[in-house]
Amino acid sequence: MKSLSGDDWVPPIMGSYIDGIGHTPLVRLCSLFKETNICLYAKLEMLNPGGSMKDRPARYIIEQGLRDGTFQPDTHLIESTSGNLGIGLALVAQFYGLPFTCVVDPKITKTNLHMLGCLGAQIDMVHEPDEHGGYLQTRIRRVQELVEKIPNSSWINQYANPLNWQAHYYGTGNEIVKQIDGPIDYLVCAVSTTGSILGISRRVRETFPDVKVIAVDAVGSVIFGTPSLPRELPGIGASRVPELFTPDEIDQVIHINDRESVEGCYRLLERERIFAGGSSGSIVAALQKLVPRLPNHSRVVTVLPDRGERYLDSVYDKEWVSKLP
Ligand SMILES: Cc1ncc(COP(=O)(O)O)c(C=O)c1O
């Protein structure tokens, strides 16, 4: 164990707050499945400055765009997101002085709306549900209108932008293979745009070609061809199949409902003292189904995408939980 008082390791001085993005710890979770002999590691992506792994694509997309001329110093960035990518983009866009409009819908949490405002994002709220009863299509149409209306504007388009998965290939995935102390048998990741699972698994497979890649999706998400159903937790799942998605690269999918995700969050808190967001709970719930079927001494790596604070009004609110089906 590294001593807190020891001076053998100190982090380097960084040039800026956003240089704190990435280089997150990989920790051994010894208590979650202590009754078994599997070896479980978690990449703590919640420790990114914006509170989630989406800081990585936010930074990567903006910096690549500025470098290759896709973005100029006054380009107005636009994205449809009510959650973590919006917060990451707001953080990085503000750092580079780029205007950023975030297209959101009434389902956005009060906390996220507040945070986006604090971080300088311009908020564009759609109000009309689309033909499927959600807001996804309305938000996309609004993005297209804004791109036409605002001169020198550019749509980030996280569901189709290859820089999304590349951020995780060069970032999260590369760090995992350098940090890990032996082979990886299973990689377990929550999915929405699928950028993180694809980027991380592409890098991990280069070093550990036999790794099995397991996606954790929400019940009601359509990514893997299952029917669309109402779901409450943000972050995990999608109501359209991302353009980025290549199903052949995923070995197995486990679907988790909202209640199981909440229970997973409480279990993670109780057993490991990790206060994490809803999709981390989904991962724990998926691992509970998976672990009993794994060979002895399997080595499993997962990614915990965001922090618990943003879920105080949902996952960690007893009244909200009591209303779940
Ligand atoms: C909390 C959380 N978990 C999981 C995901 C899924 O990540 P990806 O979009 O890379 O599939 C996201 C994406 O926004 C997220 O915010």
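Residues are numbered from 1 along each chain as its sequence is written. Because the model is predicted, local features need pLDDT of at least 70 and side-chain atom pairs count only at pLDDT 80 or more, while totals for chains, interfaces and linings use all residues; side-chain values use heavy atoms, with hydrogens and water left out.

Let's start with the overall layout.

Now look at where they touch. Here 22 residues of domain 1 are in contact with 19 residues of domain 2, contact meaning heavy atoms within 4.5 Å. The size of an interface is often given as the accessible area lost when the parts come together. For domain 1 and domain 2 that is about 1,600 Å², with 54% of it on carbon and sulfur atoms (buried area is the accessible area, 1.4 Å probe, that two parts lose on being put together, summed over both). On the domain 1 side, Ile18, Ile21 and Arg310 lose the most area to domain 2, together 46% of what that side buries.

What about charges? Between domain 1 and domain 2 there are 3 salt bridges, each a side-chain nitrogen of Lys or Arg within 4 Å of a carboxyl oxygen of Asp or Glu.

Next, zoom in on Asn161, in the loop between β6 (153-155) and α5; helices (H or I, at least four residues) and strands (E, at least two) are DSSP runs, numbered from the N terminus. Is Asn161 buried or exposed? It counts as buried because its relative accessibility is 14%, and the cut-offs are under 20% for buried, over 50% for exposed and partly exposed in between (1.4 Å probe, protein chains only). Leaving aside neighbours within four places in sequence, Asn161 is in contact with Ile61, Ile156 and Leu244.

Finally, find Leu269 in helix α7 (residues 258-272). At 23% relative accessibility, Leu269 counts as partly exposed. With neighbours within four places in sequence set aside, Leu269 is in contact with Ile274, Phe275 and Tyr316. Leu269 and Arg139 are 130 residues apart in sequence, and 35 Å apart in space, C-alpha to C-alpha.
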